[in-house]
Amino acid sequence: MTTLPTAGSLRPTRTEIHTLGPARVTLQDRDRTRPYLLLHGGGGVATMAGFADLLAERTHSRVLLPTHPGFGGTPKDESLTGVTELARMYVALLEELDLTDVTVIGNSFGGWLAAEIALLKSPRVSGAVIIDGVGIEVDGHPLTDVSGLSPAELRAHSFHDPGKAPVPPGDGGTGPSPDVRALIGYTGPAMTDPTLAGRLGGLDLPVHVVWGESDGIVDPEYGKAYAAAIPLSTFTLLPRTGHLPQVETPEELLGALLDLGN
C-alpha cells in the first residue's frame, strides 16, 4: 500500500526490487515529476489540448487531459448528476492511477470543477489553479448566459481579439453547441452554486486564480471575488486576454503558473 505524502510535498523516494531475467536489482526511485490534471470548460477538450502539450513540453511533467463524460459525444453515466459528482469521479481516477502531489488546473467550468476537487480534500491533490472559473455568485457581476449564444457570439464574449479565435470546421450554427448543452447538464442554466463561495473558505491548500482582463463571460471583478473567497489564494490578471487564456495567450498563462511554482 502506498503511503501518501502531505499536501504540497514531493513524493518520497521508493525502493523497489526488480527481477530482470536471472538478475535482481534494488532500485531507488526518486520521482520528482509533478502530475497535472487539466480540466476543460464548456468549449470542450480542444480548448485545453494545445496548452496540455505546451505544459508537458516545457515542464517535462505528466499532464492528464480527460474529456468530461457527455462532452465530445462521449457517454455520460446517469450517476453524474452535477459538478460534485464529477469531482468525486476525478478523485477516484487519481486513486486508480496512484498519483500524488497533483496540481489541478481548470478553465471556466473546469475551474469550478477544480475547486470542487480541492474541496474534497484528497491527499493526492496539493494545489489548484482556477482560470476564469465559474460557479460562484457575485452581486453586480452576473455570468453571461451562454445557453442561447451561437458559436460566433460565444467567441465574441470569450476572446480579447475574436479574430484570433479558432473556428471549428463546419462552424456557423445558430444555436448552442453540443458541448455547451453537456455543460448545462452539469451546472444547470445559471451555471452557479449559491453555496460554493462560502464553502471555498474551507480550502487549506494553495490556489492560484488567473483571469483574462477582457473576459466577457465572467469579468475580472468576479475573478477577484473568487480569489477573495479562498484563504490561500493568489490572483493574477492577464492583459489582452479573454475567457480562454490557454488558447489566446498560452505563453503568458504558462509564465504566470511557473512564476508561482504551480
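A: **From a loop to the aromatic rings**

The loop between helix 1 and strand 4 holds H60. (Helices, H or I with at least four residues, and strands, E with at least two, are DSSP runs numbered from the N terminus.) This is a predicted model, where local features need pLDDT of at least 70 and side-chain atom pairs need 80 or more, while totals for chains, interfaces and linings use all residues. Residues are numbered from 1 along each chain as its sequence is written, and side-chain values use heavy atoms, without hydrogens and water.

Most residues other than glycine have a negative phi. H60 is not a glycine, yet its phi is positive, about 55°. H60 is also exposed, at 65% relative accessibility. (Buried means under 20% relative accessible area, exposed over 50%, and partly exposed in between, with a 1.4 Å probe and protein chains only.) D98, in the loop between helix 2 and strand 5 (102-107), has a positive phi too, near 55°. At 33% relative accessibility, D98 counts as partly exposed.

Now let's turn to the rings. Rings of Phe, Tyr and Trp (its six-membered ring) pair if their centres lie within 6.5 Å; planes under 30 degrees apart are stacked, over 60 edge-to-face, and the rest tilted. That rule gives six aromatic pairs. One of them joins F71 and Y186: the centres are 6.5 Å apart and the planes meet at 10°, so this pair is stacked. F71 belongs to the loop between strand 4 (62-64) and helix 2 (83-97) and Y186 to helix 5 (residues 178-187), so the pair ties together parts 115 residues apart in sequence. F71 is buried, with a relative accessible area of 0%, and Y186 is buried at 4%.

Another pair is Y222 with Y226: their ring centres are 6.1 Å apart and their planes at 65°, so it counts as edge-to-face. These two tyrosines are four residues apart in helix 7 (residues 220-228), about one helical turn. Y222 is buried at 0% relative accessible area, and Y226 is buried at 0% as well.

Back at Y186, ring pairs link F71, F109 and Y186 into a cluster.
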